[in-house]
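Dear colleague,

I am handing over the structure below, and after it I set out what was found when going through it. Please keep it open beside this message as you read.

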Amino acid sequence: MSTRTNPAAPRAASLATPAMPVQARLAAAWTSLIFLVLYIDYFHLYQPGEIDSIRGGVIFEFEISGMLMSIFFVIIAIPGLMVLLSATLPARANRITNIVVTALYIPIMIFNAAGATPDYAVYYAITIGVELAIMAYILRAAATWPRA
């Protein structure tokens, strides 16, 4: 003989959202940010004259050099490394690292608007706005990290 149970109960329980660890939320936010940074940089190449400028040895106002490319690598590596650090650092170090790195990275994001022409103002407002929203989430998640 079988016991009848409420068939809706298991489904309702399976739809419950379990708490996600702060580390996982931070790693996911940094992952989103790095993908957006890379795609935004890629889409930037579609602006008229950008590829010709690069072929001419200039990015924005800077002459392309090994040092410039190294700086660009570090700027792109930061969110990539923050995915790993957010998932692996102990809570206290994780919290501090996320707050400090995010606070230092925000001006870099804003600098991307430098030299923007008025016809691309909406593009930069949207892209930088989304990046800043993700960084605000990271700051909030790290700053409100539950303390044991």
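Please bear in mind throughout that this is a predicted model.

I begin with helix α4, where the buried residues are Leu-68, Ala-77, Pro-79, Met-82 and Ser-86, and where the cover over these buried residues includes α2 (22-44), β1 (58-59), β2 (62-63) and α5 (91-111). The helix runs over residues 66-88, 23 residues in number, and its span from the first C-alpha to the last is 31 Å, close to the 33 Å expected at 1.5 Å a residue. Within α4 there is a kink of about 30° at Ala-77, shortly before the proline Pro-79; Ala-77 and Pro-79 are both among the buried residues of the helix.

The surface carries a nonpolar patch formed by Phe-35, Tyr-39, Tyr-42, Phe-43, Leu-45, Tyr-46, Ile-51 and Ile-54, which together have about 810 Å² of accessible area. From helix α3 comes Ile-51, which is partly exposed because its relative accessible area is 39%, between the 20% and 50% cut-offs.

Lastly, I would draw your attention to the loop between β1 and β2, in which Phe-60 lies. Most residues other than glycine have a negative phi, whereas Phe-60, although not a glycine, has a positive phi of about 60°. Phe-60 is also partly exposed, with a relative accessible area of 36%.

Terms used
Residues numbered from 1 in each chain as written. Predicted model: local features only at pLDDT ≥ 70, side-chain atom pairs only at ≥ 80, totals over all residues. Heavy atoms only, no water. Helix = DSSP H or I, 4+ residues; strand = E, 2+ residues; numbered from the N terminus. Expected span 1.5 Å × (residues − 1). Bend = angle between axes of the 7 residues up to and from the residue. Buried < 20%, exposed > 50% of the residue type's maximum accessible area, 1.4 Å probe, protein only. Contact = heavy atoms within 4.5 Å. Patch = residues over 30% accessible without salt bridge, like charges linked within 9 Å, V, L, I, M, F, W, Y side chains within 5 Å. Areas by Shrake-Rupley, 256 points an atom, 1.4 Å probe, with all protein chains shown as cover. Salt bridge = Lys/Arg side-chain N within 4 Å of Asp/Glu carboxyl O.
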